[in-house]
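Please open the structure in your viewer and keep the selection tool at hand. The stops below go from one selection to the next.

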Amino acid sequence: MAHIEFLKSLFDLRGKAVADVGAGDGVYSRQLEQEGARVTALEVDPAKIARAKANLPAGITVKLGRAEALPLEDATQDLACMFFSLHHVPIEVQPAAFDEICRVIKPGGRLHIVEPYPDGSMFDVVRLVEDETFVRTNSHKLLGQLGNDDRFDLVANKDYVLTREFPSFDFFVGKIVHPDPDRMAAFGRVADEMERTYDRVIEAADGARVLHQPCAAYHFTVRG
């Protein structure tokens, strides 16, 4: 809940129309809905869309759509969120994605983006099947400059660490590698090294086995 707790400290979600862009299976869409938001979960991967539709509450609208071509009407959203999804948007269309956000957000609405850094114990393991050093670095650079865009005003920026429990290496692989065909394709070549890395960096905390992912949240007002 770290992402949602920080967001709640900046913006009252109750009754707000919220677009969760790059929602994946809908983990954060569910949390937003639990805080009283009227959520539209947007995802480009049809398989993840199918899982979201099967598992999310009926009150959450699930749509297939790309960040650079949002299937939403003009000025209908109070808030757009991107949780760990901006770096998955191809760099060449990221400007178009921000154009789309400006189109669908009401004047004075908000944009909240959280991006992982290319470091931390979680990254140490994941990078063996998908090294996102460049795209994550680029996303933070882009977000650091976004406040200079005359359409966005930076309200708050915070670094924090997301901690996730992975009780075994097999559990980690099932959650983080198996759902992604590209990661699975790489896994066979690095499985032994990946398990050794997992064993080296996994930490014990309050009886759990955890990995840490440093990240940063950026919260903007959208002028329109």
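Begin by selecting helix α4, residues 94–104, where helices (H or I, at least four residues) and strands (E, at least two) are DSSP runs numbered from the N terminus. Its buried residues are Q94, A97, F98, E100, I101, C102 and V104, with buried meaning under 20% relative accessible area, exposed over 50% and partly exposed in between (1.4 Å probe, protein chains only). This is a predicted model, in which local features need pLDDT of at least 70 and side-chain atom pairs count only at pLDDT 80 or more, while totals for chains, interfaces and linings use all residues. Residues are numbered from 1 along each chain as its sequence is written, and side-chain values use heavy atoms, with hydrogens and water left out.

How many disulfides does the structure hold? There are 0 disulfides, a disulfide being a pair of cysteine sulfur atoms within 2.5 Å. The closest cysteine sulfur to that of C102 is in C81, 15 Å away and so too far for a bond, and the sulfur of C81 is 14 Å from its closest one, in C215, again too far.

Finally, move to strand β8 (residues 208–222) and select Q213, which is buried, with a relative accessible area of 4%. Leaving aside neighbours within four places in sequence, Q213 is in contact (heavy atoms within 4.5 Å) with residues including F84, Y117, R136 and Y160. The side chain of Q213 reaches the backbone oxygen of Y117 at 2.9 Å.

Terms used
Polar contact = N/O pair within 3.5 Å; in protein donor to acceptor, adjacent residues only side chain to side chain.
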